[in-house]
Amino acid sequence: MSRSVLQPSQQKLAEKLTILNDRGVGMLTRLYNIKKACGDPKAKPSYLIDKNLESAVKFIVRKFPAVETRNNNQQLAQLQKEKSEILKNLALYYFTFVDVMEFKDHVCELLNTIDVCQVFFDITVNFDLTKNYLDLIITYTTLMILLSRIEERKAIIGLYNYAHEMTHGASDREYPRLGQMIVDYENPLKKMMEEFVPHSKMPCEYLSLDAMEKWIIFGFILCHGILNTDATALNLWKLALQSSSCLSLFRDEVFHIHKAAEDLFVNIRGYNKRINDIRECKEAAVSHAGSMHRERRKFLRSALKELATVLSDQPGLLGPKALFVFMALSFARDEIIWLLRHADNMPKKSADDFIDKHIAELIFYMEELRAHVRKYGPVMQRYYVQYLSGFDAVVLNELVQNLSVCPEDESIIMSSFVNTMTSLSVKQVEDGEVFDFRGMRLDWFRLQAYTSVSKASLGLADHRELGKMMNTIIFHTKMVDSLVEMLVETSDLSIFCFYSRAFEKMFQQCLELPSQSRYSIAFPLLCTHFMSCTHELCPEERHHIGDRSLSLCNMFLDEMAKQARNLITDICTEQCTLSDQLLPKHCAKTISQAVNKKSKKQTGKKGEPEREKPGVESMRKNRLVVTNLDKLHTALSELCFSINYVPNMVVWEHTFTPREYLTSHLEIRFTKSIVGMTMYNQATQEIAKPSELLTSVRAYMTVLQSIENYVQIDITRVFNNVLLQQTQHLDSHGEPTITSLYTNWYLETLLRQVSNGHIAYFPAMKAFVNLPTENELTFNAEEYSDISEMRSLSELLGPYGMKFLSESLMWHISSQVAELKKLVVENVDVLTQMRTSFDKPDQMAALFKRLSSVDSVLKRMTIIGVILSFRSLAQEALRDVLSYHIPFLVSSIEDFKDHIPRETDMKVAMNVYELSSAAGLPCEIDPALVVALSSQKSENISPEEEYKIACLLMVFVAVSLPTLASNVMSQYSPAIEGHCNNIHCLAKAINQIAAALFTIHKGSIEDRLKEFLALASSSLLKIGQETDKTTTRNRESVYLLLDMIVQESPFLTMDLLESCFPYVLLRNAYHAVYKQSVTSSA
């Protein structure tokens, strides 16, 4: 036979290497999870920490692997009780160890087969075979080291076996071999050094980076004899020892190279020189490795940046330069992993070399290159499909044709390679066809195995060009169908999942350094890697790792958004301060200085510095001078670049949108800022003027709008969400809004002081003004109630907020009306008689003396009038604001209201009034007042009785008006077009209350107001005949109330007034009050 008795094709070396490497990673994952579980008191099997089983566990471990159940009943009695639960709960652990033993058997068998076949290894020729062979040795070594690090392994295996023996009367059939393996591999490397004596023909080609270092370190530890005979091997060994202090075994499990190697070699005779080499290399590693790797990372940062920049500009270069991309990713990945494991495992004195504040930049450029590969995958596919069919197939065909010897099997495989490549076309890429070259790659792997054994008909060692060409072709096929797998292989950083503390620390350092914050998005992007470290042999850890990736990604994005939000808030504060300088209140000093300068008056101290004018901060004499605002904008633009870098990212089937984090944080902060800027102090009842708050809010909004220049977010959505919530009583979190704060302040502070006589409503100024009193108020009412302030309030609260303000005002009015009704009920008999006796002066005088609480009625009606006057100011301001913002809609509503036919049903008319009122338009009948008073209907009183009380209320007010003449404060002031005690507000109160009450009770508003006018004029005419000067002190001022009532009313006319009250009296009254005003002024 041409291939000797042991035929390589029948040994399936390629298949076994592939399967065992994959299974080895799975076994490592399972062992790693067992080790972590046993190291965590919460996750540790309960039987290992159960006090009742403590003596049994100690006995089992001491006797391990021997099994003695007969003479130790007392120690094992508790074990007897729990044997079934132990079998059930420790089975997964026990059979994992059994699987490790079986894996070891298969690996040893395969290594022996490879030795027997005398396989030739050369990484440049049979790349897959060599790489898989070396990977298997490293996986096997790592597995046995990890097994020896599980301290509870004897206890777990022993407990399970004792429970098995007690249950089934015999040990588990795998236990004897398993127990012996555990004992043999107490010192795994020492045992494996003995094992590997027959396998000492290991390759010694130097390939840099992490995986290659493992091949060299573990290879020469296991086959250390070659270090004494081969200078090249010794140089490789020294280079590897000088580069690192520890190797990554699996995830965060590390292997301290120098200590382990020294401990192993110290017992070998004649190895003093090797031990000295190790010690020298250790010193070199501690002294120089940190700085060497720091410089590597520095170089890689600039190299990856340039590569990413070039490829983003010319993505077509990804085809010919693909190898450089994957090399760059691999180098960068290895440097990051090197830093990660050494930072955790190096002495603190040299810690500075292992803190890299620029690591985020390197990770970011890696992610950028990965993104380019994913985005331009079709470009790379087009390139390599044409390369495979147009060049590789032709060259391979020539090489095959020129082979002097080519057995049939090899010829068939080679021909299939050529045919597969020749059949490729660009159209397949354009049509989106899915490529799969896995079969071709496995065939080449098999062919390497067939042709690398001794006495092979076609020896690959003799046809190196063929091997190199096929390795290149295999790389090209991966560029077509395995780009994602290549990215995982060369740039996977899922190891960060197991270094959470270091990961979070790096992120915090990145945010703290302004120049690095633009790269902070790299950290949440790394969370997308985490799931690639899971394995199908350990499915139970998927949820744990998935949850960790989600929580870390969420935390990173949240912190980035918070940082951006804080920067934006600081900018807003600065802008609000600048905006505040432009407020009218700050110009007084400037005007004063100008006036004094004109009149040549010298005021103040000579050395007093001149106050800076607004805008000085924009005058730059030197470009190098950087203000705080400049720094904030720079930091914000850097961080926003990161937030805006990707629209979304998928982590464990969950989609994260970085911009939404910023949006939600801006909404929350904007809400708190608006409420905070009101500066409301409940104790002192101080609050910001609406105009000042509006200025600050606009400055804040201007800054927020500028964020759209940095990040693609819809800031209008933020404004709508926040500002609309501020128009409600409470926001979505149940917190008070500016609407509730201002409503409470105007009702409880301003209007309460009006009721107390400290403030009066001046119709001429359309504002409430402080009156001179002994106790000065802490605020100036005019500064909160003039036209500009009310318009600002309307801008801030909007129609919804103003509607809430109106409803709150109406609630106070309805409570006053309820009290008025009680007073009417107390005087119902007298008022009923007075209603029909207004033309009998003597009887009216007698009846009037029987009335009680006359002053209370007038005071309450005045309060109602004051509230309605304030509401009219608010409504007028709202109308002005809406007319500016939505003129066409307001004019349509106004037109609609003005053209309601008189015969229209009241319900329909009220709907129109409600619409009009919401737009700030005045209505004949106030819909809000109607609603408020409608809710007062008493259950025990009939509608007829309610109507009667309403009528008598108007009678009560009418007959009480003359008493106002005796009040000193009832004097009319032409300057303010009103009375200092606010009785001029009675006109509005009488008209509005009458209109609302008789709309509710379906009475005639006009008839009732005519009746009121008749009673009022009759009562007022009587005081014209009074001779008592005290009683008639302000008679003329009170006469004017009749004119005001008619002027205010849409239902009464001057002709009607003339019929009740001679106009000449009104004219004389106006003349008298104006004359009195001039006299008092003089």
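**Entry 1: conventions and confidence**

I take helices (H or I, at least four residues) and strands (E, at least two) as DSSP runs, numbered from the N terminus. I work on a predicted model, in which local features need pLDDT of at least 70, side-chain atom pairs count only at pLDDT 80 or more, and totals for chains, interfaces and linings use all residues. Residues are numbered from 1 along each chain as its sequence is written, and side-chain values use heavy atoms, with hydrogens and water left out.

I looked up pLDDT, the predictor's confidence in each residue, from 0 to 100. The protein averages 89, and 95% of the residues score at least 70. Residues 1-5 stay under 50; for them I find six contacts (heavy atoms within 4.5 Å) beyond four places in sequence. Residues 201-208 are also below 50, and this stretch has 20 contacts in the model beyond near neighbours in sequence. Where pLDDT is low, the predicted coordinates should not be read in detail.

**Entry 2: Ser245**

I located Ser245 in the loop between α11 (231-243) and β1 (246-250). For burial I use relative accessible area: buried is under 20%, exposed is over 50%, and partly exposed lies in between (1.4 Å probe, protein chains only). Ser245 counts as buried because its relative accessible area is 12%. Setting aside residues up to four places away in sequence, I list its contacts as Phe255, His256, Ile257, His258, Ala285, His342 and Met346.

I placed Ile359 in helix α15, which covers residues 359-375. With a relative accessible area of 2%, Ile359 is buried. Beyond four places in sequence, Ile359 touches Arg297, Ile336, Leu339 and Met506. I also checked the C-alpha separation between Ile359 and Tyr519: it is 9.3 Å, for 160 residues along the chain.

Ile545 belongs to helix α24 (residues 541-580). Its relative accessible area is 0%, so Ile545 is buried. I find Ile545 in contact with Arg251, Cys497, Phe498, Phe530, Met531, Cys533 and Thr534, leaving aside neighbours within four places in sequence. From Ile545 to Ala170, 375 residues apart along the chain, the C-alpha atoms are separated by 39 Å.

**Entry 3: salt bridges**

Side chains of opposite charge can pair when their charged atoms come close. My criterion for a salt bridge is a side-chain nitrogen of Lys or Arg within 4 Å of a carboxyl oxygen of Asp or Glu.

Lys36 and Glu253 form a salt bridge, with their closest N and O atoms 3.9 Å apart. The pair links distant parts of the chain, 217 residues apart: Lys36 is in helix α2 (residues 13-39) and Glu253 in strand β2 (residues 253-256). Lys36 is partly exposed at 35% relative accessibility, whereas Glu253 is buried at 6%.

Asp356 forms a salt bridge with Arg301, the closest N and O atoms again being 3.9 Å apart. Here I find Asp356 in the loop between α14 and α15 and Arg301 in helix α13 (residues 272-313), 55 residues apart. Both Asp356 and Arg301 are buried.

For Arg835 and Glu1011, the closest N and O atoms of the salt bridge are 2.7 Å apart. Arg835 lies in helix α33 (residues 828-836) and Glu1011 in helix α41, so the pair ties together parts that are 176 residues apart in sequence. Arg835 is partly exposed, at 23% relative accessibility; Glu1011 is buried, at 18%.

I noted one network, in which salt bridges that share partners join Lys35, Lys36, Arg149, Asp252 and Glu253.

**Entry 4: Glu1011 revisited**

I confirmed that helix α41, which holds Glu1011, covers residues 1005-1023. The side chains of Glu1011 and Arg835 also make a polar contact at 2.7 Å. For that term I require a pair of N or O atoms within 3.5 Å; within protein, one must be able to donate a hydrogen and the other to accept it, and residues adjacent in sequence count only if both atoms are side-chain atoms.

**Entry 5: a nonpolar surface patch**

Which residues form a nonpolar patch on the surface? I find Leu323, Phe324, Met327 and Phe331, with about 350 Å² of accessible area together. Patches are made of residues with over 30% relative accessible area and no salt bridge; like charges are joined within 9 Å and nonpolar side chains (Val, Leu, Ile, Met, Phe, Trp, Tyr) within 5 Å. Accessible areas come from the Shrake-Rupley method with a 1.4 Å probe, and for residues only the protein chains shown count as cover. Phe331 sits in helix α14 (residues 322-344) and is partly exposed, with a relative accessible area of 31%.
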